[in-house]
Amino acid sequence: VNSVEDRLRAATRAAANTMAPESAPPLRLPEDHPRRLGYRGWARRSGHRWTRLAIPLGAAAAVAALVISSVAVGQQQRPIVSHAAAAALAKVPPYFLTTGRAPRPQHAWIAATATGRAVAPVPVPAGDWVLYTAAAGGSTFVMVTAYHRPSGTLLPASVLRFFLIRFRPGHGTVSLTPVTGLASLLRAEPASYSTGVALSPDGSKLAVALGVFSPGQTVPSDGVPRIVVYDLDNGAARSWSWPVSGLRPRRGMSATQIMTPLQGGHALSWAWDNRTLAFQLRLSTDLQVRLLDTSAVGDDLQADSTLGMNSPGFDTWRHAGGRAWVPVGNDAVLTPDGHRIVMATMTTVAHAAGQSPRPVQLRIGFTEFSARTGQPLANLGAWRIHGGLGQVSDVLWSSPSGRTLIVLTRAPGAPISYFRSAGIIAGQIIAGAAHYRETIAVLSDGNLTPLRIPAGYLGQPFYNQVTGYPVWPAP
Amino acid sequence: VDVTAKAWQGTATPGHGLQATGPPIDAGAASPAAAVTALYEAHAVGLIRLAVVLLGDRPAAEDVVQEAFAGLYRRWGQLRDQSKAIGYLRSAVLNQCRSELRRRRRSDWAARRAVVTPAGPADLSVLIGAEHSEVLAALRTLPHRQRDVLVLRFYLELPDPDIAAAMSISPGTVRSTTSRALAALGRALKEQQ
């Protein structure tokens, strides 16, 4: 039998470990200046005798008033959210799946969007939880965990394990089913790594993006990107490969790959028809969003997919120097109606030379593109910020029409106090930490409504394939 | 002033993550904002964890720690020995947690009068399981001095003089309070069974 002391130690540490080391919110210091002198010092300096009495008496009166008012206020219901926030929350799913990021063993849980609070734990065995996705309806999620992560290398697809999570909001319970068939399929592919997963809106199919690397490497090699779609009902799997003839080699790293979202977005996204799968492909310096009809015959990822949009020059914003729309977070999402692509975009307002992480003026925002023509259709919100390399701004969820988004971004006016570069710059992986103040927020009608969900700290190295951001179910 | 916190992962320990001394902070040379920010970067996680243990509610714990750092910033000019800032912060967090728990008790009382069940911080109990939740619930039934001394002793593993300094009591009182608090906690746990 454990002693009271042992139980106390275990309980307090368990409670403390729910707080991940890197997840402290930003410090907000008061606007007023720190007092160099206390009231006594101020009174001495002012030379008025009466102030020596007046200030403490005033303070005492203020305390008395505060006690009376706090008792009165304490008995009233405090408003939880403003009307604007309530309206924004009404447009997004009520629950999401998220995990703690460290220390291990991590926790995973279903949480409420309105409060950010956990409502049900997810009993996934401990491991590195690298990718997660969700179906429509808010009750089915998939979490991908990895075990035996080889240190310093890409994460082989062969060590991944998949869990189907079913959440019953009315009961607050979670059931867990391992998807063993897909894990067995990938176990035979030690040279593949996964860059994304996406569960179809009806929860019947799981798409997995795969790249190729040589064991021991820390960056992708010039392998052939693939997409595997696994049928969760009958265990059947189909695979599409990018042809070797379509590869565009580039110095330094693999140039053709299905993009890993840098911070936790979506390499893959499904349309409501449960057939059309969008994937983001890096072709040398271009970033393409392509649409694959998974119900059609064929196994050629290039020939059997259509171009949704092409961003010429993923790196061009570094060179442009002027005004140019460029993608920011590699995170283009196909809207569930299949008509549009929404993504974070950036316009440079002032130029920063080279790769120097010097602050520049940027206009950051979210833009809607036609999935048929690739042309921009609407600006969903944009604001000017200071900052340069390493900006992260991603779409985490889209409403059917794309007019309401859950985004990860820097809020308007958010300053930078710490500046390091992160991401892929000129084809090179910059494994740094970008300590901007990002916010997870609802973007609707041009208004940004922050959610009470910690954005954590960004800058997970690209090759770790760690997402770490919440997933919301498809609408 | 609004500054971005930086994780100081190198100082995060597997246990409480709050070191007695922390990394070297050049507090004297920096502006108050920079010095307080550096302290925040080094100690925020550990202090939030301490507040989570005491309050069982992370949003409230974050608010408490923000308030403690804001208080430190306002009083920075009055701090005679800036190397003792972490001691000040720890005491401030304990005091703020005490106030928060007092406020909750008042709210609970008001809610009971209105025949409404107050919504407790279900967050933590969901994550840590029933057994640990029972212990923490029993801990929160103790008088504040007993509760604080147990947390400082068994969670932060502080020696008696540091506990005494944080709580402004004598080391002898720390020892006697610890003994009484353990007995009270044991009784509370038995009553729960």
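What follows is a walk through a predicted model, chain by chain and contact by contact. Because the model is predicted, local features need pLDDT of at least 70 and side-chain atom pairs count only at pLDDT 80 or more, while totals for chains, interfaces and linings use all residues. Residues are numbered from 1 along each chain as its sequence is written, chains are lettered from A and ligands numbered from 1 in the order in which they are written, and side-chain values use heavy atoms, with hydrogens and water left out.

Let's start with chain B. It has eight helices and zero strands, and along the sequence that reads α-α-α-α-α-α-α-α. Helices here are DSSP runs of H or I with at least four residues, strands are runs of E with at least two, and both are numbered from the N terminus. Of the 193 residues in chain B, 55% count as buried; buried means under 20% relative accessible area, exposed means over 50%, and partly exposed is in between, using a 1.4 Å probe and protein chains only. Take the contacts in chain B (heavy atoms within 4.5 Å) between residues at least 6 apart in sequence: 67% of them join residues at least 24 apart.

Now for a place where the two chains meet. Two packed helices are described by the angle between their axes and the distance between the axes. Helix H1 of chain B (residues 32-55) and H1(A) have axes that come within 8 Å and cross at roughly 120°. The axes are lines fitted to C-alpha atoms, for helices over the stretch in contact, and angles run from 0 to 180 degrees between N-to-C directions. H1(A) and H1(B) are therefore oblique to each other; angles under 35 degrees count as roughly parallel, over 145 as roughly antiparallel, 65 to 115 as roughly perpendicular, and the rest as oblique. On the H1(A) side, the contact is made by Thr12(A), Ala15(A) and Ala16(A), and on the H1(B) side by Arg49(B), Val52(B) and Val53(B).

Side chains of opposite charge can pair when their charged atoms come close. Asp6(A) and Arg9(A) do this in a salt bridge, at 3.6 Å from N to O; the rule asks for a side-chain nitrogen of Lys or Arg within 4 Å of a carboxyl oxygen of Asp or Glu. The two residues sit three apart in H1(A) (residues 4-16), so about one helical turn separates them. Asp6(A) is partly exposed at 39% relative accessible area, and Arg9(A) is partly exposed too, at 26%. The pair also belongs to a salt-bridge network that links Asp6(A), Arg9(A), Arg13(A) and Glu157(B).

Over all chains, the count comes to 13 salt bridges. Another one joins Asp293(A) to Arg275(A), with the closest N and O atoms 3.3 Å apart. Asp293(A) lies in strand E15 and Arg275(A) in the loop between E13 and E14 of chain A, so this pair ties together parts that are 18 residues apart in sequence. Arg275(A) is partly exposed at 40%, and Asp293(A) is partly exposed at 25%. Arg340(A) and Asp337(A) form a salt bridge as well, at 2.8 Å.

Seven of its eight residues are buried, so E15(A) is largely enclosed by the rest of the structure. Eight bridges join E14(A) to E15(A), running antiparallel, and Gln280(A) stands opposite Val289(A) in E15(A). E15(A) is also joined to E16(A) (residues 305-311) by six bridges, again antiparallel; there, Gln288(A) has Asn310(A) as its bridge partner.

The loop between E13 and E14 also holds Ala271(A), which is buried at 2% relative accessible area. Setting aside neighbours within four places in sequence, Ala271(A) is in contact with Pro201(A), Thr276(A), Leu334(A), Pro336(A) and Gly338(A).

Last stop: a sheet elsewhere in chain A. Three antiparallel strands form an open sheet in the order E1-E2-E3, where strands pair if DSSP finds at least two bridges between them. E1 (95-99) and E3 (118-121) stand at the edges with a single partner strand each, so one side of each has no neighbour in the sheet. Three bridges join E2(A) (residues 108-112) to E3(A), and one of the pairings puts Ala111(A) with Ala118(A).
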